[in-house]
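Here is a friendly walk through some of the helix packing and a few of the residues. Keep the 3D view open while you read.

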Amino acid sequence: AALLDKIAELPPPARRAVARIRAGADEMALLTETFLLLGRSGEIERPAQEVAPLIQAELSRLQPLLSREAITVQLTLDQSQLHAPLSLLTIAIDNLLKNALSYAEGRIEVQLKEGVLTVRNPTQVAPDTVLGYGCGLTIIERICEKLGWHIETRLEAGLFTARLDGRS
C-alpha cells in the first residue's frame with residue numbers, strides 16, 4: 001500500500017482500493033496488538049486515554065455505513081478518561097459501535113459519562129447471535145477481564161443495551 005501510494009497517476013478506483021488495503025492492514029495490526037496484550041500474563045501498562053475522540057473517530061470511519069442504513073446516532077459524551085492501552089480501548093469501542101450498527105433499527109444512542117460507556121439500539125435480536133463470527137462481545141469481555149472492567153448487556157422490550165464500566 002505504501003508503494004502504491006507513491007504512484008501519482010493512479011486512477012480513483014485504484015486509490016480507493018489502496019485506501020481499503022491500508023485500512024485493512026491497520027485493523028490487522030490493531031487486532032494483533034490487542035491479542036498479544038490479552039495473552040500477556042501479569043500487569044500491562046495502562047496510560048490515561050481520552051474516550052470521546054475515539055468514539056467520534058470510529059463513528060466517522062463508519063459514516064458510509066450509517067448513511068446507507070438510514071441510522072441516526074445520538075451522542076452524549078463527557079471528557080472521561082480511561083486507563084488502558086490504546087489498542088484495547090479502541091477495539092472495545094469499535095466492537096460496541098459495530099455491533100450496534102449491525103443490529104440497530106433506526107437509532108443508536110451513545111453515552112459516555114464518568115468512565116461508563118453505554119450504547120443502546122433498538123433491535124429484535126441480541127448481538128453475536130446472527131451476524132458475523134460472533135466474537136465482538138466475547139472480545140470485549142476478555143478486554144474487560146484483563147483490565148478489571150465490567151461489561152453488562154441486555155435485550156429488553158426491543159432495546160439492546162451494552163454498558164461498559166471502565167472505572168477500576
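A residue is called buried under 20% relative accessible area, exposed over 50%, and partly exposed in between (1.4 Å probe, protein chains only). The model is a predicted one, in which local features need pLDDT of at least 70, side-chain atom pairs count only at pLDDT 80 or more, and totals for chains, interfaces and linings use all residues. Residues are numbered from 1 along each chain as its sequence is written, and side-chain values use heavy atoms, with hydrogens and water left out.

Let us begin with Arg22, which sits in helix α2; helices here are DSSP runs (H or I, at least four residues), numbered from the N terminus. Arg22 is partly exposed, at a relative accessible area of 34%. Leaving aside residues up to four places away in sequence, Arg22 touches Ala1, Ala2 and Asp5, where contact means heavy atoms within 4.5 Å.

Leu97 belongs to helix α5 and, with 5% relative accessibility, counts as buried. With residues up to four places away in sequence again not counted, Leu97 touches Ile55, Glu58, Leu59, Leu62, Val110 and Val119.

| Pair | Separation along the chain | C-alpha to C-alpha |
|---|---|---|
| Arg22 and Ala1 | 21 residues | 5.9 Å |
| Leu97 and Val110 | 13 residues | 8.6 Å |

**Helix α3**

Helix α3 covers residues 52-61, and its buried residues are Ala52, Leu54, Ile55, Glu58 and Leu59. Viewed down the axis of α3, these fall within an arc of 165 degrees, so they line one face of the helix. The arc is taken from the directions from the helix axis to the C-beta atoms.

**How α2 packs**

Which angle do α2 and α6 make? Helix α2 (residues 12-39) packs on helix α6 (residues 136-147) at about 45 degrees, and their axes are 10 Å apart. That makes α2 oblique to α6; angles under 35 degrees count as roughly parallel, over 145 as roughly antiparallel, 65 to 115 as roughly perpendicular and the rest as oblique. Axes are lines fitted to C-alpha atoms, for helices over the stretch in contact, with angles from 0 to 180 degrees between N-to-C directions. Here Thr34, Phe35, Leu37 and Leu38 of α2 meet Ile139, Arg142, Ile143 and Lys146 of α6.

With helix α5 (residues 86-103), the axis of α2 crosses at roughly 115 degrees, and the axes come within 9 Å. Glu27, Leu30, Leu31, Glu33, Thr34, Leu37 and Leu38 in α2 meet Ser87, Leu88, Thr90, Ile91, Asp94 and Lys98 in α5.

Terms used:
Helix = DSSP H or I, 4+ residues; strand = E, 2+ residues; numbered from the N terminus.
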